[in-house]
Amino acid sequence: MKVILLGAPGAGKGSQATKIAQHYAIPHISTGDAFRSNIAKGTEIGVYAKSFIDKGQLVPDDVVVRIVDARLKEADCAKGFLLDGFPRSIPQAEALDRLTDIDAVINIEVDFSVITARLTGRRTCRCGESYHISTYHKDTCAKCGQPLYIRDDDKEETIKNRLEVYRKTTEPLVKYYAEKGVLYNVDGNRSIDEVFVAVKEILDRK
Ligand code: AP5
């Protein structure tokens with residue numbers, strides 16, 4: 001099963017990705033997590049990526065495509081994978097077409113009015129897990145016990161830029177994949193569990 005999760009920042013891609021990857025036993029490939037891990041380790045890619053991420057801009061396509069290309073060649077991706085946050089532009093989607101085929105693109109649709117509250121209230125763990133202050137009241141991760149932190153790009157000003165970049169550069173992918181006949185829209189304004197039920201209904205038919 002080769003699946004892409006599409007959606008605006010804060011649509012709930014990461015929250016759904018954790019559940020999907022676990023339920024279908026496929027690797028979860030998040031380009032955002034890959035960059036954050038490189039930033040935490042202070043690698044060359046991390047330092048380079050941070051200069052874009054902190055401004056709410058996309059990391060240049062060639063860098064992202066190289067990371068995904070290398071990851072998809074790893075043995076655990078042979079039976080399928082879940083891409084979260086990639087592709088994010090038409091050139092990235094075209095590059096992905098040259099690497100592999102895709103079974104389903106799940107587009108999580110969320111009203112822009114709820115996104116800022118979701119992102120400013122998000123608390124993230126270095127293990128990739130994320131929580132929301134409205135439903136989770138501890139400052140350590142339930143999964144691994146590490147302290148939670150606020151992402152640098154979850155500031156209101158940066159969120160505004162991320163949403164603009166999404167509208168201009170990423171949203172055209174909805175049409176791109178609809179034309180290929182692999183797009184499935186899911187209403188992301190419901191609870192995390194309700195959204196997951198809808199995603200499962202789609203993927204179980206694949
Ligand atoms: P990335 O980490 O991919 O960020 P993003 O796409 O902006 O998405 P987010 O992680 O912010 O949100 P999400 O949709 O995963 O929502 P989540 O489930 O956490 O990328 C970060 C940056 O890296 C980019 O801006 C870019 O600079 C760079 N980058 C990454 N990939 C790139 C690429 N391909 N090309 C170029 N640059 C790239 O949920 C958010 C909050 O809401 C959480 O608190 C959660 O608990 C809560 N929540 C989730 N679902 C629900 C729900 N249904 N109801 C209520 N609350 C919910």
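Colleague: Leaving aside neighbours within four places in sequence, which residues is R151 in contact with?
Modeller: Contact here means heavy atoms within 4.5 Å. This is a predicted model, where local features need pLDDT of at least 70 and side-chain atom pairs count only at pLDDT 80 or more, while totals for chains, interfaces and linings use all residues. Residues are numbered from 1 along each chain as its sequence is written, and side-chain values use heavy atoms, leaving out hydrogens and water. With neighbours within four places set aside, the partners of R151 are R36, R122, T124 and R162.

Colleague: Is R151 buried or exposed?
Modeller: Buried means under 20% relative accessible area, exposed over 50%, and partly exposed in between (1.4 Å probe, protein chains only). The relative accessible area of R151 is 10%, so R151 is buried.

Colleague: Which side chain makes a polar contact with the side chain of R151?
Modeller: A polar contact is a pair of N or O atoms within 3.5 Å; within protein, one must be able to donate a hydrogen and the other to accept it, and residues adjacent in sequence count only if both atoms are side-chain atoms. At 3.0 Å, the partner is the side chain of D153.

Colleague: Nice! And Q57: buried, partly exposed or exposed?
Modeller: Q57 has 38% relative accessibility. Because of that value, Q57 counts as partly exposed.

Colleague: Leaving aside neighbours within four places in sequence, which residues is Q57 in contact with?
Modeller: The same rule on sequence neighbours applies to Q57.
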